[in-house]
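Have a look at the structure first, then read on.

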Amino acid sequence: MARENFATLFIVWQMFYLTMCIARLSVKTAKWNATKILTQNYIMIIKLSLLTAAAHMCWQFSAAIFATQTIVIFVLVELEWLPQDFVLNYSLAHVLANISCYYGMFGNRYFFLSINHSLIVALIFFLLFRNMERGEVQMSKPKRFIHDLCFFISITYFVSDITDRMSVSSRKDSSEDINGHFINLFLTKFGLKLPNLVELLYLCNSSYAFLDTETLVQYITVFSPKLVPVTLTFFAVKFYLGRRKKRPEAEAIERAKNYVTEDFMEENLVTLQNLSNPKTTAELKNCLDLLEKCDYDYERYKIEKAKINPKSEEKKSFLYDVEKLRNEGKRNTAGEGKKAQSAKSGSKAKFQDAHAQEKVENPTEKSTSKQLETFYLYNLLQALFFFYFALAVAKLKFILTPFICLNAAILPPRRWFLDSTIRIYWVLTLMPLLSSIVYPGLRNMQEQYSPASVDNYELEELLEWINHNTETNAVFAGPMDITPMVLVATKRPIVNHPHTEFLDMKERTRIVYAIYGKQQSAEIYNELAKLKVQYVILSRRDCFLYTSNGCKMSDIWDFLIPEAKNNPRFCADLFQASVPNFLKAFINKKFLILQIFSTVQLELNRKKIII
């Protein structure tokens, strides 16, 4: 089983836990005391560091995956969707994870020299200088974002350059190539760098090709059962029924009408006797119709009324001042006038306070809504990074697939719908969801349980022969996809494996795969003998056939060593004839095992001498 299979569990687990921490931010600030918040911060740092360390130790490419997570966190804190103390705790968790990996992997410096560690250190410095710098210079949000992004990239480059220089100064020939392996692979993928042998081998592997259209169609079918009912529900309900707000209660409607009538009488100096005038009645009806259009919201009515007749508010204020002076001149009746005015003002204030109370009924509603939006935005940005990885390297779609399924499951959130429309959504969801599951599920089960799809008799035959016919300490070399199976199934030592991010492993891969090239047999033999190889496994497919990407091993060597282009292929001679120092020990339809003698052959002054 590949190492990425173990790492995927911890990667998804870590990102799920981080999502839960983001969702709990509003609860912390609203309900928890300082002691509980501090305790939960410690728990978050410990759990996040353990999950991150487990993913790092299973698969070193996890550093590149968590680097994208760090970039997403930077974007969110720059947009002020995440608090700085939370991001600082996140950064400390990654630092602790790298320290744990360093000691857990017996002093492997890769975790301090990876791109993710450089981004984490840059993020910490950015948080420390962010507030200090913002207090000095005032900028618009777009300029501020570009300025902070350049500052963050500069710190990252500076830290990465220092770590690379430190690693080069202390690196031996057998140590690891820190960031170059993954970066060079992507540069070669898009034609920005001349490839070497290892990079060409990766590019000729169908797993490292661009994402195929069939997989893209499958991803679309995962979201389609949700996209169709969401679209239908939005068009049928949100844009039509959603605009019609709930009608207020009869008591609230009557109270609002009384306020509008009183305002109309004060503004136009109308008495109860004059209300029977047709002209006055028509004007009052226009005011009540405007109130109805505002859903009997008195505050909205006053705003709309001011837009229609701006001078009415000034006139109303003037009349109020006149009334106040008149009441002050009549000291005997001032008490009663003030009492009546106070009763009216108090009633209006009570009505306005009731509206305000409804708006601030839940003081954490806005904060909670923002945190929920942050939660969805984080997962969306993270999925976009994974989509880029999968689009460039098809093998990495196993990282994107869990996020596609999780986002399809949690979207859309319930708060996007009104209480009366959530049932309509689920009714519209059931049919597309069931239809998208039944037929593809049955077809997938038939394919997975087909005997022809799981058997590889030639490989099983090869492993059985190695178990029964070779010594337990016999050293094997061969294709990168076969030697790990030899190590796991037979416990025989191997000299090369797919972990080509190490410099010495790149060199060993070049030596072993030279057997598919057009070099001299003596040169190939000497290189293999120096590695103390006793058995070499050859693949007939690699020697004679083209891969699914149209690559051929001989063409790769013709590109790398053009001066040997006219020489015969050495692997073809090994399959079809007898070659000195290479003894055919096993052969079937797909594989050939060659035994190499223990003598060492050297070339001196263009003469072959056997010692």
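Helices here are DSSP runs of H or I with at least four residues, numbered from the N terminus. By that count V438 is found in helix 19, which covers residues 422-448. Keep in mind that this is a predicted model.

**The big picture**

The protein chain has 26 helices and six strands. Of its 611 residues, 39% are buried. Among contacts with a separation of 6 or more, 70% are between residues 24 or more positions apart.

**Annotated spans**

The unreviewed UniProt entry lists several stretches as "transmembrane region", including residues 6-25, 61-79, 145-163 and 424-442. How much helix is there in residues 6-25? That span is 95% helix and 0% strand, with its end C-alpha atoms 30 Å apart. Residues 145-163 come out at 100% helix and 0% strand, and there the end C-alpha atoms are 27 Å apart.

S62 lies in helix 4, residues 62-78. Its relative accessible area is 0%, so S62 is buried. Leaving aside residues up to four places away in sequence, S62 touches A7, I11, A55 and H56.

**The disulfides**

| Disulfide | S to S | S-S torsion | Handedness |
|---|---|---|---|
| C204 to C551 | 2.2 Å | about -85° | left-handed |
| C543 to C571 | 2.1 Å | about 90° | right-handed |

C204 sits in the loop between helix 10 and helix 11, and C551 in the loop between helix 24 and helix 25, so this pair ties together parts 347 residues apart in sequence. Both C204 and C551 are buried.

The other pair also links distant parts of the chain: C543 is in helix 24 and C571 in helix 26, 28 residues apart. Are these two cysteines buried or exposed? C543 has 1% relative accessibility, so it counts as buried, and C571 is buried too at 0%.

Two further cysteines are worth a glance. C21 counts as buried at 2% relative accessibility, and C287 is buried with a relative accessible area of 6%.

**Back to V438**

Which residues make up the nonpolar surface patch of about 560 Å²? They are I437, V438, L442, M445 and Y449. V438 itself has 48% relative accessibility, so it counts as partly exposed.

Conventions. Residues numbered from 1 in each chain as written. Predicted model: local features only at pLDDT ≥ 70, side-chain atom pairs only at ≥ 80, totals over all residues. Heavy atoms only, no water. Patch = residues over 30% accessible without salt bridge, like charges linked within 9 Å, V, L, I, M, F, W, Y side chains within 5 Å. Areas by Shrake-Rupley, 256 points an atom, 1.4 Å probe, with all protein chains shown as cover. Salt bridge = Lys/Arg side-chain N within 4 Å of Asp/Glu carboxyl O. Helix = DSSP H or I, 4+ residues; strand = E, 2+ residues; numbered from the N terminus. Buried < 20%, exposed > 50% of the residue type's maximum accessible area, 1.4 Å probe, protein only. Contact = heavy atoms within 4.5 Å. UniProt positions renumbered as here; feature names shortened; annotations may be inferred. Disulfide = S-S within 2.5 Å.
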